[in-house]
Amino acid sequence: MGIAAPRLAVRIGRIELKNPVTVASGTFGFGQEMADFYDLSRLGAIVVKGTSLEPWPGNDYPRTVETPSGMLNAIGLQNDGVDSFIKEKLPFLRRYDVPVIVNVVGRTIGEYAEVASRLDGVDGVAGLEINVSCPNIREGCLAFGANPSGTAEVVRAVRKRTGLTLITKLSPNVGDIVEIARAAVDAGSDALSLINTLLGTAIDPWTRTFRLANRTGGLSGPAIKPVALRMVWEVAQAVDVPIIGMGGIMNALDAVEFLLAGANAVAVGTANFVNPRAAVEIIDGIAEYLAKMGIADVNEIVGSVS
Amino acid sequence: MKGVYDCEIVDRSEVAPGVVRTVFKGPAIAREAQPGQFVNIRVSKTTDPLLRRPFSVHAVYPDEGLFSVLYVLRGRGTALLAEMQSGERVSVVGPLGRPFDLGGSPDARHIIVAGGCGAAPLHFLCDALCRKWGCGGVTVLSGAQRRDAVICEAEFRSHGVDVAVSTDDGSYGYHGLVTQLLEERLRELGLPSADARPEVRVYSCGPNPMLKEIARICRQAGVASCQVSLENFMACGIGVCMGCVQKVRGEHARFKRVCTDGPVFEAEEIVWE
């Protein structure tokens, strides 16, 4: 029996999402360019690009290369810094009825804490995603996220400076992601997002050089979906906080797989590049799937794989 | 406005060995695209290759709702598009990017410099300049490695503009580089001059070493404006991934997006490698 209008709303920490679809940081800019393709208010939430204390120039180029069913990137978190974000980018996003989550990056624990502090209480910011998983910069980020104690230290420092919902974004480039997930939750993270990109590289055999100026980069796209799905499932078994699942989601059924594995919400990443309307098509597709399956509320399927 | 459009291929032809033109039905893009802009085409129906491929707009026919792209077969993306026949439907994002600035004074001289397949977007530009200012003040200098690599010559000539062709191997037209032709033309126009007259506006697309040399020549001659259209590998094409950047001048050297801040830049802005 079909359901006419399944309930799609989910909760991540104290953030109410009208549907379980958000976007992966770094694949959506600060929203402005994407607003040409659909009404941003349709999204469950927007996770903006990694934001640091001071402006970061980003890495030298080439910064991206296509790989089988995926791509490598080594952008290096180019951004204009948190003050510029608040002044230049946030006013545009405030026009939309959509929670904004800011992805926070730093080279030191102090920088993470300072960015969090400047965003605390700012109108239009619903939560922070702590990025301890970007593989493309030398200091900070993955240097903390690669082990439980470093992850916990960053989360604790940020927790002290803000009452906003905290989501810790986990790296797959670790020995045991479950151990790191637990450390983040114990340190005060309200939710988790996973996975960030898988560290990889590509080489041009004719010039005998790396294809990326940074030599290595983060792999994303459909190629990584099985790895991401397995990690979401493992982490969901181990923690009690909401999970935003991501990694190679291209369509609604990919998203449903993540929900079944235990994600409460999903993020659309590289698919935004392939189809700028991917996220809204996925929202509609999840509703269609639920209707077809006779499920009244999307929360019913979370973690229901057997 | 820019969007994701499902476009039907209405014509596909090989205009020269290894050079293909594909014509699409896409009324919104045909109506709104400006010279120098590009479209991002999904050349595959599967996830491999995953990313779209950017193609500059070669011509628009707004009354018929058609636009075309013209490209040299170079890799997987161009090969896949070239295989697609009339009647096939393709997802096209566009029109994208910053177009050429067609401004200037009414008596300005416009010199278009094409290198190889860089001629593709310049045909659209030539058409627009002729419509706006008349063809009398427009010159096209088109360079290629050899005779069979010269593209769009007949199309440029059909506008009635002054056209000169150069080939690196001397198999056709002027024997030498198109940049030498440009130097010659600027000299003939009396540049550099004390009062920077006449007003000369240069537009170019082609390989980076050529663009770098054009930038140098234009600076030395004191031309009023030198716009270059850059090419770069793009992941998103819509300004969100920060992948296709180019180093530009400023207080500090910084990176701008070729897809959105470009692909057309003032040559003076570029930090050439």
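1. Let's start in chain B, at Pro95(B), which sits in strand β7 (residues 89-96) of chain B. Keep in mind that this is a predicted model. The peptide bond leading from Gly94(B) into Pro95(B) is cis, with omega near -10 degrees. There is another cis bond to look at in this chain, from Leu191(B) to Pro192(B), with omega near -5 degrees. Pro192(B) is in a loop, the one between α5 (178-188) and β12 (200-205) of chain B.

2. Which residues does Ala33(B) touch, leaving aside those up to four places away in sequence? Gly94(B) and Pro95(B) are among them, along with Val57(B), Val60(B) and Phe67(B). Ala33(B) itself belongs to the loop between α1 (27-32) and β3 (38-41) of chain B. It has 25 other C-beta atoms within 10 Å, so Ala33(B) is buried. Ala59(B) is 26 residues away along the chain, yet the C-alpha atoms of Ala33(B) and Ala59(B) are 9.2 Å apart.

3. Now for the sheet in chain B. Seven strands make an open sheet in the order β4-β3-β7-β1-β2-β6-β5, with antiparallel pairing.

4. A handy spot to check is Val20(B), which stands opposite Tyr71(B) in β6(B).

5. Over to chain A, and helix α2 (residues 109-119). Is this helix mostly covered or mostly open? Mostly covered: eight of its eleven residues are buried. The buried ones include Tyr112(A), Val115(A) and Leu119(A), but also Glu111(A), Glu114(A) and Arg118(A). They pack against β4 (46-51), α1 (82-94), β7 (100-104), β8 (127-131) and α4 (148-161) of chain A. After α2(A) comes Gly121(A), with a positive phi near 80 degrees.

6. Two residues of chain A other than glycine also deserve a look for their phi. Leu77(A) has a positive phi near 55 degrees, and so does Arg208(A), again near 55 degrees. Leu77(A) is in the loop between β6 and α1 of chain A, and with 23 C-beta neighbours inside 10 Å it counts as buried. Arg208(A), in the loop between β12 (203-204) and β13 (209-210) of chain A, is exposed, with 7 other C-beta atoms within 10 Å.

7. How do helices α7 (residues 252-261) and α9 (residues 278-293) of chain A cross? Their axes come within 8 Å and cross at roughly 65 degrees, so α7(A) and α9(A) are roughly perpendicular to each other. The crossing is right-handed. Ala252(A), Leu253(A), Ala255(A) and Val256(A) in α7(A) meet Ile282(A), Gly285(A), Ile286(A) and Tyr289(A) in α9(A). By class, that contact has seven nonpolar residues, one polar and no charged.

8. Last, the contact between the chains: 30 residues from chain A and 24 residues from chain B take part. On the chain A side, β5 (64-67), β6 (70-73) and α8 (271-274) each give two or more residues. That side divides into 14 nonpolar, eleven polar and five charged residues.

Definitions and conventions
Residues are numbered from 1 along each chain as its sequence is written. Chains are lettered from A and ligands numbered from 1 in the order in which they are written. This is a predicted model: local features need pLDDT of at least 70, side-chain atom pairs count only at pLDDT 80 or more; totals for chains, interfaces and linings use all residues. Axes are lines fitted to C-alpha atoms, for helices over the stretch in contact, and angles run from 0 to 180 degrees between N-to-C directions. Helices (H or I, at least four residues) and strands (E, at least two) are DSSP runs, numbered from the N terminus. Angles under 35 degrees count as roughly parallel, over 145 as roughly antiparallel, 65 to 115 as roughly perpendicular and the rest as oblique. A crossing is left-handed if the near helix is turned anticlockwise from the far one by less than a right angle, and right-handed if clockwise. Two residues are in contact if their C-beta atoms, placed from the backbone, lie within 7 Å. Ala, Val, Leu, Ile, Met, Phe, Trp, Tyr, Cys and Pro count as nonpolar, Asp, Glu, Lys and Arg as charged, and the others, Gly among them, as polar. Two strands pair if DSSP finds at least two bridges between them. A residue is buried if 20 or more other C-beta atoms lie within 10 Å of its own, exposed if 12 or fewer, and partly exposed in between; C-beta atoms are placed from the backbone.
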